[in-house]
Amino acid sequence: RMMKSKMSCPIDIDRLNAPLLEIYESLIPAEEEKAKQKQLLTLLEKIVSKEWPNAKLFLYGSCANSFGVSKSDIDVCLAIEDEGIDKSEVLLKLAELLQSDNLQNVQALTRARVPIVKLMDPVTGISCDICINNLLAVTNTKLLHDYSKIDVRLHQLALIVKHWAKSRGVNETYQGTLSSYAYVLMCINFLQQRTPAILPCLQGLEATYKVTVDDIECAYFDQVDILVGFGAPNKEGIAQLVWAFFNYWAYCHDYANSVISVRTGRILSKHNKDLTRRVGNGRHLICIEDPFDTSHNLGRVVDGNSIRVLREEFERAAHIMQFDPNPCISLFEPY
Ligand code: 3AT
Ligand code: MG
C-alpha cells in the first residue's frame, strides 16, 4: 500500500463547498419529523407510566445527538429502578403492552448484545428501538450534541461522512464495519486535530457536568455556548475538511499503533492503552476509544476482512476528492 501522506489539497477544492453544502442541507430532517418523534415519545410515555409509574424515557442516538438525517429510526432508553429487575422480563412485558396498544412489528430481542424491543408506529410511520437502563448511551448522546453546538463544520462533516458510509455499505456493525457513533467520534477527533483546532477537548476543560453511570465517572465542560466561535481562527471550508478527512484515513492514519481519543483530544499510542490487552478479542485493527467507557474500542467489530473493505473505501473517497471531476456524485454512488 502506497503511503501518500504528502498528497496536497487540490488548489481549487473550494469549488466543492457549494455542492457539498447542498447535499448537507438535503440530509437535515424537516421540522415535522421532529414533531412526529415527539408525538411517538408521548405515546410511549403514556404506555410505560401505567405499568412503571416511576420510569422515565430518554431519547438517545441520532434523534437526540443532532446527527440524525431524515427518515431515521429513533432510539429510546427506558430508565427504571435497577433493584431486582430482570431485563428480559421487563422487555417481554413492554412488548406485550406495546402490542395491545396497536403498535406494529413489535419484537423483543432479549438475547442481543444490547437487548431491545423493536416497534413501528403506524400513525407516524416511525420505527423505534427501546433499550433498558443504557444510561451511558444517553450520556454520550449529550456529549455529541454539545460538541455539535460549537462549530457547524462538525455537523456538516459528520452528516456527509455518515451519508457516504451508508451509501458505500460501511456503516454495518454486523458486517464488521463501523457504527454511526464511531464515525461521529472520528469527525470530532479530526476537528480537534486541525491547526488551528476547530473543536476543543470538552473533557480536558473544567467539568461543569458530572454524572456517574455504571461506575464510570462522566465529566466534562458542557457550557458550550461560550465556546461558539472557538474554531473561527481556522478558515477551512467543508470541501477542504472532507478532502482532509478521507486523506487522513486513507494515507496518514497509523492503524497499527494509534488510538483515536476524543477524551484527550489527541491520537494516543496503542502501547499506552489497555485496549491491546483486552481479553476475548485480540483484533484491534482500528482503535476508536469510547469517550467515557475508555476500555471500550468502537473498532472492535472490525476484522481482517472488513478492515480491508474500510481502507479501500477511504482510499476510494480520497482519490475521488483529489481527482474526480464530479466528486459529489461519485463519492455517494451506491456500492
Ligand atoms: P443512525 O442515524 O441511527 O445511523 P445513531 O447516532 O443513532 O446513528 P447508532 O444507531 O449507531 O447511532 O447508535 C445509537 C446510539 O447508541 C449512539 C450512541 O449513543 C450509542 N452507541 C452506539 N454504539 C455504541 C457503542 N459501541 N458504545 C457505546 N454507545 C454506543
Ligand atoms: Mg440510531
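Strand E2 (residues 74-79) and strand E5 (residues 127-132) pair in the parallel sense, and five bridges link them. In this predicted model, Leu-78 stands opposite Ile-132 in E5. The two strands belong to an open sheet of five strands. The order across that sheet is E1-E2-E5-E4-E3, and the pairing is mixed. Strand E1 (56-60) and strand E3 (104-109) form the edges. Each of these edge strands pairs on one side only. On average, neighbouring strands of the sheet are turned by 20° against each other, direction ignored.

The pairing of E3 with E4 runs in the other sense. E3 and E4 are antiparallel, with four bridges between them. Gln-104 stands opposite Met-120 in E4. A hairpin of six residues joins E3 to E4. In general, strands of a sheet pair through backbone hydrogen bonds, in either a parallel or an antiparallel sense.

Helix H2 (residues 31-51) touches E1, E2 and E5. The direction of H2 makes about 150° with that of E1. Helix H3 (residues 87-100) lies across E3, strand E4 (116-120) and E5. H3 runs at about 170° to E3.

A further open sheet has three strands, in the order E9-E8-E10. Its pairing is also described as mixed. Strand E9 (266-269) and strand E10 (287-288) are the edge strands, each pairing on one side only. Strand E8 (residues 258-261) pairs with E10 in the parallel sense over two bridges. Here Ile-260 stands opposite Ile-288 in E10. Helix H6 packs on this sheet and touches E8 and E10. The direction of H6 makes about 90° with that of E8.

Helix-to-helix contacts come next. Two packed helices are described by the angle between their axes and the distance between the axes. Helix H1 (residues 17-27) packs against helix H5 (residues 152-167) at an angle of about 80°. The axes of H1 and H5 are 9 Å apart. Angles of 65 to 115 degrees count as roughly perpendicular, so H1 and H5 are roughly perpendicular to each other. On the H1 side, the contact involves Leu-20, Leu-21, Ile-23, Tyr-24 and Leu-27. On the H5 side, it involves Gln-156, Leu-159, Ile-160 and His-163. By class, the residues of this contact are seven nonpolar, two polar and no charged.

H1 also packs against helix H7 (residues 238-252). The angle is about 85°, and the axes lie 8 Å apart. H1 is therefore roughly perpendicular to H7. Asn-17, Leu-20 and Leu-21 in H1 meet Ile-238, Ala-239 and Val-242 in H7. This contact has five nonpolar residues, one polar residue and no charged residues.

The chain is assigned two domains. Domain 1 covers 13-27 + 147-330, and domain 2 covers 31-136. Their C-alpha centres lie 28 Å apart. Where the domains touch, 14 residues of domain 1 are in contact with seven residues of domain 2. H5 and H6 are the elements that give two or more residues to the domain 1 side. H5 gives the most, with five residues. By class, the domain 1 side has seven nonpolar, four polar and three charged residues.

Ligand 1 has 17 residues around it. Of these, Gly-61, Ser-62, Ala-137, Ser-179 and Ser-180 come nearest. Helix H4 (135-148) and helix H6 (180-192) each supply at least two residues of the shell. The largest share, three residues, comes from H4. By class, the shell around ligand 1 has five nonpolar, 10 polar and two charged residues. Both domain 1 and domain 2 give residues to this shell, so ligand 1 lies between them.

Notes
Residues are numbered from 1 along each chain as its sequence is written. Chains are lettered from A and ligands numbered from 1 in the order in which they are written. This is a predicted model: local features need pLDDT of at least 70, side-chain atom pairs count only at pLDDT 80 or more; totals for chains, interfaces and linings use all residues. A residue is near a molecule or strand if its C-beta atom, placed from the backbone, lies within 6 Å of it. Ala, Val, Leu, Ile, Met, Phe, Trp, Tyr, Cys and Pro count as nonpolar, Asp, Glu, Lys and Arg as charged, and the others, Gly among them, as polar. Domain bounds come from an automatic or database domain assignment. Axes are lines fitted to C-alpha atoms, for helices over the stretch in contact, and angles run from 0 to 180 degrees between N-to-C directions. Angles under 35 degrees count as roughly parallel, over 145 as roughly antiparallel, 65 to 115 as roughly perpendicular and the rest as oblique. Two residues are in contact if their C-beta atoms, placed from the backbone, lie within 7 Å. Two strands pair if DSSP finds at least two bridges between them.
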